[in-house]
Amino acid sequence: MPDGCECQIRFDNNVCGVYFPGQTLAGFVELRVMQAFKVKGVSLQIKGFAEVKWSETTGTGKARRTVHYHGRQDYINTVTYLQGSPEGNQFDIAPGTHSYRFGCVLPGNLPVSFEGPHGHIRYTVRVVLHRPWKIDPTYKVGFTVLRQVNLNENGSALAMPSKMEIQKVFCCGPCASDPLYLSAQIPIAGYVPGQTIAVRIESSNRSKRRVSEFSAKLIKNVNYISQTPYCRVRSVPEIVAEVRCPGVAAGEHGVWDQFLRIPALPSTSNMCQVLTIGYEVEIEGKIPGPNINPRIRIPITLGTIPLAAHAIPTMPIGDNGLMVYPVSATAPNVPTSVSTQDPPPPIPYDELKRTAQQPIPVDQLPPPTYEEAVGSTPANILEEDEEGTDTNKFTPQYMVYRFNES
């Protein structure tokens with residue numbers, strides 16, 4: 001910005017700067033000028049795009065080769081002149097405070113915002129002061145786009161339990177051991193941030209190897225998809241929640257119920273051609289020594305509107321096992337303090353089923369909060385040609401429901 005000039009971009013009644021496709025992005029630009037200066041115009045750009053890029057090097061010496069991968073998809077790019085025009089005559093912006101309003105209906109095909117190490121889906125508002133024969137000072141802010149993912153639209157599949165089993169044999173041929181059986185089950189396959197995933201782990205160890213511990217992890221899988229020089233997919237998994245429990249000795253059998261609390265995260269997304277987001281629950285048995293640990297992976301869908309009237313497994317205060325609170329047609333009434341009465345017995349895992357068929361009206365869900373994604377770091381939203389831009393780093397905000405808060 002020129003000396004003695006400040007610019008603020010603010011959104012109407014939206015402190016978090018969170019919008020959904022089809023909504024109107026509205027706000028105002030406040031330009032504070034202490035000393036007059038000449039411009040040809042003041043423009044405002046609303047931009048949304050997805051971009052991925054990374055490099056891979058193979059070989060050594062003269063055979064060393066580096067390939068630069070890149071992909072991009074544009075969603076919105078509008079430019080409006082708040083004052084002046086690119087072909088108009090220059091004029092003075094007088095000292096004082098200048099306010100300009102703006103508004104734009106967001107397209108309906110926008111994917112969810114995301115910032116990652118090899119790419120992003122990013123939405124920004126940028127103000128440019130077009131000055132004759134000088135560098136054009138600019139100011140830029142980011143905003144979050146969330147896409148509604150209503151789990152009830154695929155409720156018949158997502159409300160069913162998911163179970164997977166594997167067996168592992170150590171050594172091979174005549175030296176092969178008896179198998180280690182491992183199974184994992186979750187009561188439903190669709191969740192929203194703020195819910196808890198109840199994971200039942202069962203193992204029958206007929207081998208002579210000890211399993212030192214089991215771990216249950218919620219893993220976010222991001223696929224970065226290049227377009228040039230050719231199509232290539234770079235998959236980056238990230239553990240966003242993890243719990244552990246004791247293992248099973250040789251010749252023994254055990255069952256464990258573990259609970260994964262889902263933090264603030266972007267919803268499952270496959271709308272973008274260059275960046276997709278998916279989730280899975282991974283159960284791993286840790287075996288000492290040079291062995292390949294057995295793993296089970298169960299895919300889940302992360303949405304923004306929970307399955308209707310489904311019991312929400314939560315970890316109570318204390319060691320009373322799994323407690324279940326149903327989401328009724330009205331706002332949840334879940335106690336937030338410890339009761340002096342004895343708690344009801346935990347509902348058996350196998351009885352965690354849907355208790356109603358009608359979806360909850362959206363306006364009767366507990367109000368979500370908006371938080372930064374777990375493990376996120378503020379992103380530099382400047383592009384390569386914007387070195388002189390005045391901006392703050394940006395972190396998208398995601399919905400989190402508070403089912404256990406009144």
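Q: In this model, is Cys-16 buried, partly exposed or exposed?

A: This is a predicted model. A residue counts as buried under 20% relative accessible area and as exposed over 50%, with partly exposed in between. Cys-16 has a relative accessible area of 39%, so Cys-16 is partly exposed.

Q: And where does Cys-231 fall, buried or exposed?

A: Cys-231 is exposed, because its relative accessible area is 56% and the cut-off for exposed is over 50%.

Q: With cysteines in view, how many disulfides are there?

A: First the general idea: a disulfide is a covalent bond that links the sulfur atoms of two cysteines. In a model, one looks for a pair of cysteine sulfur atoms within 2.5 Å. Here that count comes to 0 disulfides.

Q: Let's turn to strands. Which residues lie on each side of strand S25?

A: Strand S25 spans residues 397-400. Gln-397 and Met-399 sit on one side, with Tyr-398 and Val-400 on the other. These four are all buried, and both faces of S25 are covered.

Q: How many bridges join S23 to S25?

A: Strand S23, residues 369-372, is joined to S25 by 4 bridges, and the two run antiparallel. Within this pairing, Glu-371 stands opposite Tyr-398.

Q: Where is Val-374, and what does Val-374 touch?

A: Val-374 lies in the loop between S23 and strand S24 (389-391). With a relative accessible area of 31%, Val-374 is partly exposed. Leaving aside residues up to four places away in sequence, Val-374 touches Glu-238, Val-240, Pro-263, Ala-264 and Leu-265.

Q: What separates the C-alpha atoms of Val-374 and Tyr-398?

A: Those C-alpha atoms are 9.9 Å apart, while the two residues are 24 residues apart along the chain.

How values were computed
Residues are numbered from 1 along each chain as its sequence is written. This is a predicted model: local features need pLDDT of at least 70, side-chain atom pairs count only at pLDDT 80 or more; totals for chains, interfaces and linings use all residues. Side-chain values use heavy atoms; hydrogens and water are left out. Buried means under 20% relative accessible area, exposed over 50%, partly exposed in between (1.4 Å probe, protein chains only). Two strands pair if DSSP finds at least two bridges between them. Contact means heavy atoms within 4.5 Å.
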